[in-house]
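Hello,

Please find the structure below, followed by notes on what was found in it.

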Amino acid sequence: MSTLLLKNGRVFDPSRKLDKTADVLIDKTAGTVASIGKGIKAPKGAEVVDCKGLLVCPGFLDIHVHFREPGFTAKETIATGSAAAVHGGFSTVVTMPNTDPPLDNGASIAYQYLRGEEAGKARVFPMGCISKGRAGQELASLGLLSKAGAVAFTDDGAAVPSSFIMRMALEYAASLGKVIVEHCEDHDLSNGAIMHEGKVSAALGINGYPSAAEEIVIARDIRLAKLANARFHVSHISAKGSVALVREAKQKGVRVTAEVSPHHLLLTDECCRGFDPVYKMNPPLREASDVDACLEGLLDGSIDCLASDHAPHTTEEKSLEFTEAPNGIIGLETNIAVLLAKLVHTKKLPLKRFVEAWTSAPARVLDLPGGYLEEGGPGDVTVLDLDREWTVDSAKFLSKSRNCPFHGWKLRGVPVYTVVGGKLFEAIGKTMA
Amino acid sequence: MAWTRKHLLDLEELSAAEIVEILDTAASFKEVSGRSVKKVPALRGRVVVNLFFESSTRTSNSFALSAQRLSADTLSFTSSGSSVSKGETLIDTAKNIEAMGVDAFVIRHSAPGAPHLLARHTGCSVINAGDGCHEHPTQGLLDIFTIREHFKREKSEPEKALKGLTVSILGDIRHSRVARSNAHGLRKLGARVILAGPPTLVPAAIGQALGVEVSHDIDYVLKESDVFNCLRIQFERKAGRFFPGVREYAAIYGLNEERMKKAKPEAIIMHPGPINRGIEITPELADGTRSVILHQVENGMAVRMAVLYLCVGANN
């Protein structure tokens, strides 16, 4: 048996009420955890990593990433994206289907798995489209997509404009035991706007769109999910009113879940003064009260989990005028560290909730394997150094793109190792800090 | 004061003292335009390039003539459409022209922040000649120059230069870079500013963003104002979707002689042009005794000479 032994770390898994100094032995052949305990003797030939002073967590999952393959491989590929994932401390990622062509058929889903396995880094699970061609007109072959391994369905990048199609998708997906995931935006109301509507957009003369455009679609989908008795997940929630809608729906027993991205917990539309497209994304950066509401939602469980919405774009594209540059920022290699430094160390977010929101919570939202540390469970581990001080240098990212608003930030805390099925990868804390 | 800025990107970033510095410099240049030989050697050997990505007649000509009166060499580059549709990025276009040995760009562009982008990526002085719906600082300055001159406030301290005056800006404020620049500049010099028009074209957030009043009541505005700055509806920015129609607009918000009877006798009327006669203002008013519209155009020359002189001079 080929093994990996993580020695003397603080083994930390809130979902299993685990918080103790111990060793974790992983069977590399089976890809599973062989044992967790004190003083495990290294088997012959074992790869041993000293984790003294480090936090040993279940492998982190990022359930919202764009790897741009096929179609936009100048921005990212499954190989570079999954390398960035393990470099950033993520053992599992879920890719979005807004590729070209979009992932709306079984073969395209099989291709994602194939490329993910070839890359041999993070586990790559694709979502399939809700509608054919992501056009919002007709249902995609949800059954065949599901059979091919699509873990959920979304037309991410856009909402499904038709309430009828959305209802059909929810009913159909429910029978498959799968979740419908929505980018919630009323496109008629947002009307091509490129930032949050408020004081800043008014001052800059930029066409903004109000939080109501997000809230309207969330409210619609909550009602449809209730009608269909289906599971509905809100992608990248960003507005105060949206959090309230999800909270209320959960209290009423609707099967709704939600994710929030680190940038919506840390940045506001004030960043857009100066017209730098590195602050342009959709949903847009909103106001301080929205940031506060998102954090509150994450703390009280209204928002289930964290997810990056890792959205790579080339430097050329992000050097265009603010109005012309594409939406999105990358997050895989900064997700963990920015939140550790700005929310966990500042006592705004308990470490327990932080780890849970990257592990057991996202696994539960999409029924993914992993997210916990247990004998016989997946040998996926994320090892953090909570106190290491370092400075983000996007030039050293493994992602193909550099559109990161956190470049140059001085942070405390960093991932140092990522283990995927027993395979050990050095994370950014080893290569950069 | 010593002028240190090499760019003029917006009026939001300028102090009252800096605005007054430009106005005072403009006052001294105004005299040049009245000479038979309308030229001074201030920018001899310097190169000023007009980069116009949106159509313009008065602003581009005013800048070109201003640069020539300062003895600068000028070059004009006109293009329509975004960099994406052209296939070359704005930065590439600008860097290519910069490589020809250029000192300043005067840029007009449909994208808010395009001048700021140029300023980040080139070594030239960048003068904003209008960026989308964001700002049009030289228009703001020439409007303020005209008001300051008309009300004889040249000797006042910067922060109090326009104190006691109420300036109303009427019309399509939402889409107006002129309104934004005027509001910032006027407020800094102590004027009271009212943005007025239909609620969909004058959203409350703009008043909050710029720190000025908003009103949707034309009778109130008529009573209060010393200056009416009328703006046209920017149909090219799809403003037509924001209100019921031109006839209704003219009837409810347009300035006409009957309505102006309620205004203060000494109140003046301004317009940055182009005028849609019969919509925001009647021809009789535009050409009438209260109108200072052609003074604005004349003062625009002096203000642009001042801006070029100060910014290009600071870029050594």
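Among contacts in chain A between residues at least 6 apart in sequence, what percentage join residues at least 24 apart? The share is 74%, where contact means heavy atoms within 4.5 Å.

Some conventions before the rest. This is a predicted model, in which local features need pLDDT of at least 70 and side-chain atom pairs count only at pLDDT 80 or more, while totals for chains, interfaces and linings use all residues. Residues are numbered from 1 along each chain as its sequence is written, chains are lettered from A and ligands numbered from 1 in the order in which they are written, and side-chain values use heavy atoms, with hydrogens and water left out.

Chain A

Chain A contains 14 helices and 18 strands, taken as DSSP runs (helices H or I, at least four residues; strands E, at least two) numbered from the N terminus. Its C-alpha trace spans about 65 × 45 × 40 Å along the principal axes.

Interface of chain B and chain A

On the chain B side, 25 residues are in contact with 19 residues of chain A. The buried area is about 1,700 Å², with 58% of it from carbon and sulfur atoms (accessible area, 1.4 Å probe, that two parts lose on being put together, summed over both).

The rule finds 1 salt bridge across the interface (a side-chain nitrogen of Lys or Arg within 4 Å of a carboxyl oxygen of Asp or Glu). Glu12(B) and Arg273(A) form a salt bridge through their side chains, at 3.7 Å from N to O. Elements of chain B that give two or more residues to the side touching chain A are α3 (83-86), α4 (90-98), α5 (114-121) and α8 (204-210). The largest share, 5 residues, comes from α8(B).

Gln139(B)

Gln139(B) lies in helix α6 (residues 137-150) of chain B. Gln139(B) counts as buried because its relative accessibility is 5%. Leaving aside neighbours within four places in sequence, Gln139(B) is in contact with Val178(B), Asn182(B), Pro272(B), Gln296(B) and Arg304(B).

Regards

Terms used: Buried means under 20% relative accessible area, exposed over 50%, partly exposed in between (1.4 Å probe, protein chains only).
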